[in-house]
Amino acid sequence: EMCIRDRAIAQLKVIIASEPCAVGKCHTNPRYEYAKRLWNGEGIVQDKKEAFLYFKEAADFRHEGAQYKVGCCYYKGDGIPQDFEKALKYFKRLLQTNHDWSLIANLWIGKCYLKIEQRDEKKAIEYLEKAAHDSRVSTRNDECKSEAQLLVGICYYRGFIVEQDFIKAFDYFEKAALYNHDACYYLADCYREGKGTKVNMEMYRFWYLSLIHISEPTRRSYIS
């Protein structure tokens, strides 16, 4: 297995060296795959700074996965200095590149608008709501959509950006709680305090305890 992995890395290096990026043309997949190995230390010494350079090279030539990774690196300050403006730029590029990535891009764009120096709360909630209402289904999309639903729910719950509305907050928390543990806390609180719904101590205990004891399939079957 080690020999196969070593050969794969060596082959990627050869391809990258023999096919430098030119104006309007770049073989992005080898750079992206090599960057992932460098980032994770898979068969090669881990080097996030160098990996980022390869991710960025691929991202600048419209590789969707690389655009997402570069955006996340800038947003989190992972391997490079944190820069929300640059993160926003790459997530916007991702939104323009591939419709299949739009849910994820909308989520991160919304988060960036809350972090940049020229903060734009109106645009933030606009993009977060787009992500929260996206109808596509996949494991990755469900996780991103539930995070967006949680964030929008918190906005309504606290009256942040939007007018406080416990009914809307409860609705978002209820949708998000199937995939997002943080939403379970808010949903449990709504049932305990009667915010957006009637006080229901049984449901309060269920959602509170589900964080520790109940698996997601069981929780989904209970709700349905």
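The model is predicted: local features need pLDDT of at least 70, side-chain atom pairs count only at pLDDT 80 or more, and totals for chains, interfaces and linings use all residues. Residues are numbered from 1 along each chain as its sequence is written, and side-chain values use heavy atoms, with hydrogens and water left out.

**Exercise 1. Describe how two helix pairs pack.**

Step 1. Two packed helices are described by the angle between their axes and the distance between the axes. Axes are lines fitted to C-alpha atoms, for helices over the stretch in contact, and angles run from 0 to 180 degrees between N-to-C directions.

Step 2. Helix α3 (residues 48-59) packs with helix α4 (residues 64-76) at about 130°, their axes being 8 Å apart. For helix α6 (residues 102-113) and helix α7 (residues 121-132), the angle is about 155° and the axes are 7 Å apart.

Step 3. Apply the cut-offs: under 35 degrees is roughly parallel, over 145 roughly antiparallel, 65 to 115 roughly perpendicular, and the rest oblique. So α3 and α4 are oblique to each other, while α6 and α7 are roughly antiparallel.

Step 4. A crossing is left-handed if the near helix is turned anticlockwise from the far one by less than a right angle, and right-handed if clockwise. α3 passes α4 in a left-handed crossing, and α6 passes α7 in a left-handed crossing.

**Exercise 2. Locate I116.**

Step 1. I116 lies in the loop between α6 and α7.

Step 2. With 8% relative accessibility, I116 counts as buried.

Step 3. F84 is 32 residues from I116 in sequence, but their C-alpha atoms are 5.4 Å apart in space.

**Exercise 3. Examine the salt bridges.**

Step 1. Side chains of opposite charge can pair when their charged atoms come close. Here a salt bridge is a side-chain nitrogen of Lys or Arg within 4 Å of a carboxyl oxygen of Asp or Glu; the count comes to 12.

Step 2. One of them joins E57 and R31 at 2.9 Å, N to O. This pair links distant parts of the chain, 26 residues apart: E57 in helix α3 and R31 in helix α2 (residues 28-40). E57 is partly exposed at 29%, whereas R31 is buried at 2%.

Step 3. E33 forms a salt bridge with R37, the closest N and O atoms being 3.4 Å apart. Because they are four residues apart in helix α2, about one helical turn separates E33 and R37.

Step 4. R192 and E193 also meet in a salt bridge, at 3.1 Å, N to O. Elsewhere, salt bridges that share partners join E33, K36 and R37 into one network.

How values were computed:
Helix = DSSP H or I, 4+ residues; strand = E, 2+ residues; numbered from the N terminus. Buried < 20%, exposed > 50% of the residue type's maximum accessible area, 1.4 Å probe, protein only.
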